[in-house]
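I opened this notebook to keep track of what I looked up, one entry at a time.

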Amino acid sequence: MSKLRVGITTLIGLFASFSAFAEAGIDERINLAIKPFADAVAGAVFSSFPVAGVQIPFVLVWLIVAATIFTFYFKFINLRAFKHGFELVRGDYHDPKAAGEVTHFQALATALSGTVGLGNIAGVAVAVSLGGPGATFWMILAGFLGMSSKFTECTLGVKYRNELPDGTVSGGPMYYLTKGLAEKGANFARLGKVLAVMFAIFCVGGSFGGGNMFQANQSFSQLVNVTGGDASWLADKGWLFGLVIAALVGLVIMGGIKGIARVTSKIVPFMAVIYVLAGLAIILMNFTLVPSAFGSIIDGAFTAEGIGGGVIGVLFQGFKRAAFSNEAGVGSAAIAHSAVQTSRPVTEGFVALYEPFVDTIVVCTITALVIIITGTWDPSVDPSSGVQLTSKAFESAFGWFPYVLTIAVLLFAFSTMISWSYYGLKSWTFLFGENKVTDASYKILFLFFVVVGSSMQLGSVIDFSDAMIFAMAFPNLLGCYFLLPMVKRELDEYWADYKSGKLVKTRLS
Amino acid sequence: MSSVLMVGIDCSECGERAIAYAVDHARRSNAKLFIAHIIEWSPFSFSTVEENFERHKRREEELKRAHSEVIDPVVNRLEAEGLDVEGLVRHGNVADTLHELAVENGVTNIVLGRQGKSKLKKHVFGSVGSHLVQAAECPVTVVP
């Protein structure tokens, strides 16, 4: 109970210090204070070079090139293991002796609830408003290639995870970068350590940015939107919203009130299903418009009239939002997936193929189609409106949908925050050691950024969030290149067993 | 063919009549007796990241508790009475997992106690006994 007391005391402290400044304009002040820093970080990570007159950030090329190389290196694993991945999720190869352990389904569902969320709702709206319908095409392609990145990093995540003496498991890029590269010799071991530290630093940043501020910011924006827009009583009270969310998150991560997180983890999948069904309903209601919508997606992908930067600009928007949404190559999913129970690490790689597939190819495409079909997309729309654009698109078909969307957005944001607070904490303790002080200091910082994120304007939040999350891909993918032969060996051995029928197929009850 | 009995119990006290019935039969036919306890668990449930990382540890704890609090008291008592008895604990859907355990161990008769569930509960969730009767490959005895 003392943990709970510490948590509550901290929250009251946070609340008190903020309400002391609780006057009009606090949102602006926070925004002004953080913006220059956020802009500087974003500028560094997104340092770009010109391609056909458009500035293309190097990190984006880095992600796509890696995803393409992995796709070819593993001979289109994203296609050839697709069916087997489904069999694994369905439990066809489940060992009854392992009943009660984390199944493939559970690992995938948990990883998905960390990624499916605002990236799919707000991110797609941003991509379509900045890049036009054509951005959808590149988003789908990026999702398809990203499946191979996920396969690689999640296989490694399981292969090199740590099983601690107390029975808990710890995994992710920090571990495969150190342990995996150490297998290749002393020089690689040193490189591995450097990469792991870099990854951990960026992951902490990402957990404050995309895993936190972006989520808080967009859910607040949607809440203001449904309560009356600029006229809403809440309009200038982002800090207040932030405090409430921080309090709820704090109860879970500091107060040890796991019930809230547990309930959320059960509601989120249903919200996702409701979202997808509503999207499909709108698409079916307008099925005559579907061919022309796909037409504009294909045309837009290669022509791009009136879009800044032409085709390259469209491609850039699609790739960027896909990467932000499914996090393939970023390494975050490798943490979530590594908890699975399996003796063959590569099986979780096959299962992880479904993450970009569901997240980007299914959910993002549905969002994009709804926005395009309902004609909500308009080049003149303010791109920073993010989630509001999606909300408007759904509202044009179902007047009540913005309310449902608000609940969905709040829940998605909340579950993503809880997941990322865990990723960030694991990275933080990897850097600073595991003890009560480091643990508490990370959590307090995390809660602080919830409030900051709610108070800032979307532009700076999105830049900072993108920057930190994408930065994780530098050390992660560099390490993955060196570790490719290890994944290949696992894959070849397993695939031979699978093809020769050596694996025992069971029906899971 | 020698007979093998398996009794499914929820807790160490609540299967008394079913155990007594099975013991009686086991004595008469010199049968091997399994005492089984299933920890309700679904491979398709949703969980948080943290829960997943602690799952293995929790599972060990659950198995340990099931043995020490449910199975062992019964098994020890029956062993002292001179019966050939063994405890089984597994995670899963109660009816399906009892069926699996029966198949694995060559059980010839499954014995279950019947709990006084409300009509509504039975209507919504069904009962372990009636599910098991559908699935089992051996006779199922439900002791009221």
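**Entry 1: the sheet of chain B.** I noted that the model is a predicted one, and then I turned to chain B, where five strands form an open sheet in the order β3-β2-β1-β4-β5, with parallel pairing. I asked myself which strands stand at the edges of this sheet. They are β3 and β5 (140-143) of chain B, and each has a single partner strand, so one side of each is left without a neighbour in the sheet. From one strand to the next, I found that the twist averages 25 degrees.

As a reminder to myself, I wrote down that strands of a sheet pair through backbone hydrogen bonds, either parallel or antiparallel. I then picked out one pair, strand β1 (residues 4-8) and strand β4 (residues 109-113) of chain B, which pair in the parallel sense over four bridges. Looking within that pair, I saw that B:M6 has B:I110 in β4(B) as its bridge partner.

**Entry 2: helices across the sheet.** I found α2(B) lying across β2 (32-40) and β3 of chain B, and its direction makes an angle of about 155 degrees with β3(B).

**Entry 3: chain B as a whole.** I listed five helices and five strands in chain B, and, reading from the N terminus on, I wrote their order as β-α-β-α-β-α-β-α-α-β. How compact is chain B for its 144 residues? Its radius of gyration is 16 Å, close to the 15 Å that the globule rule gives, so chain B is as compact as a globular protein of that length. Along its principal axes, the C-alpha trace of chain B spans about 50 × 35 × 25 Å. I also recorded that 42% of the 144 residues in chain B are buried, and that, among its contacts between residues at least 6 apart in sequence, 76% join residues at least 24 apart.

**Entry 4: where the chains touch.** I then looked up the contact between the chains, which takes 26 residues from chain B and 32 residues from chain A. On the side of chain B that touches chain A, the elements giving two or more residues are α2 (49-80), β3 (85-92) and α3 (94-104) of chain B. The largest share of that side, 11 residues, comes from α2(B). When I sorted the residues of this side of chain B by kind, they divided into seven nonpolar, nine polar and 10 charged.

**Entry 5: chain A as a whole.** Of its 509 residues, 57% count as buried. For contacts in chain A between residues at least 6 apart in sequence, I noted that 83% join residues at least 24 apart.

**Entry 6: two helix pairs in chain A.** Before comparing directions, I reminded myself that two packed helices are described by the angle between their axes and the distance between the axes. Helix α11 (residues 238-253) and helix α12 (residues 258-285) of chain A pack at an angle of about 105 degrees, with their axes 6 Å apart. That makes α11(A) roughly perpendicular to α12(A). In this contact, A:L248, A:L251 and A:V252 of α11(A) meet A:K258, A:I260 and A:A261 of α12(A), and these residues divide into five nonpolar, no polar and one charged.

For the second pair, I found helix α7 (residues 118-131) and helix α14 (residues 310-326) of chain A packing at an angle of about 175 degrees, with their axes 9 Å apart. Are α7(A) and α14(A) roughly parallel or roughly antiparallel? Angles over 145 degrees count as roughly antiparallel, and α7(A) and α14(A) are therefore roughly antiparallel to each other. The residues that meet include A:G119 and A:G123 in α7(A) and A:G313 and A:G318 in α14(A). The contact of α7(A) with α14(A) divides into six nonpolar, eight polar and one charged residue.

**Entry 7: one residue, A:F188.** Last, I looked up A:F188, whose place is in helix α10 (residues 186-226) of chain A. With 18 C-beta neighbours inside 10 Å, A:F188 counts as partly exposed. Leaving out residues up to four places away in sequence, I found that A:F188 touches A:L181, A:A182 and A:F482. A:F188 and A:T168 are 20 residues apart in sequence, and from C-alpha to C-alpha they are 28 Å apart in space.

Note on methods. Residues are numbered from 1 along each chain as its sequence is written. Chains are lettered from A and ligands numbered from 1 in the order in which they are written. This is a predicted model: local features need pLDDT of at least 70, side-chain atom pairs count only at pLDDT 80 or more; totals for chains, interfaces and linings use all residues. Two residues are in contact if their C-beta atoms, placed from the backbone, lie within 7 Å. Ala, Val, Leu, Ile, Met, Phe, Trp, Tyr, Cys and Pro count as nonpolar, Asp, Glu, Lys and Arg as charged, and the others, Gly among them, as polar. Axes are lines fitted to C-alpha atoms, for helices over the stretch in contact, and angles run from 0 to 180 degrees between N-to-C directions. Angles under 35 degrees count as roughly parallel, over 145 as roughly antiparallel, 65 to 115 as roughly perpendicular and the rest as oblique. A residue is buried if 20 or more other C-beta atoms lie within 10 Å of its own, exposed if 12 or fewer, and partly exposed in between; C-beta atoms are placed from the backbone. Two strands pair if DSSP finds at least two bridges between them. The radius of gyration is taken over C-alpha atoms; the globule rule is 2.2 Å times the number of residues to the power 0.38.
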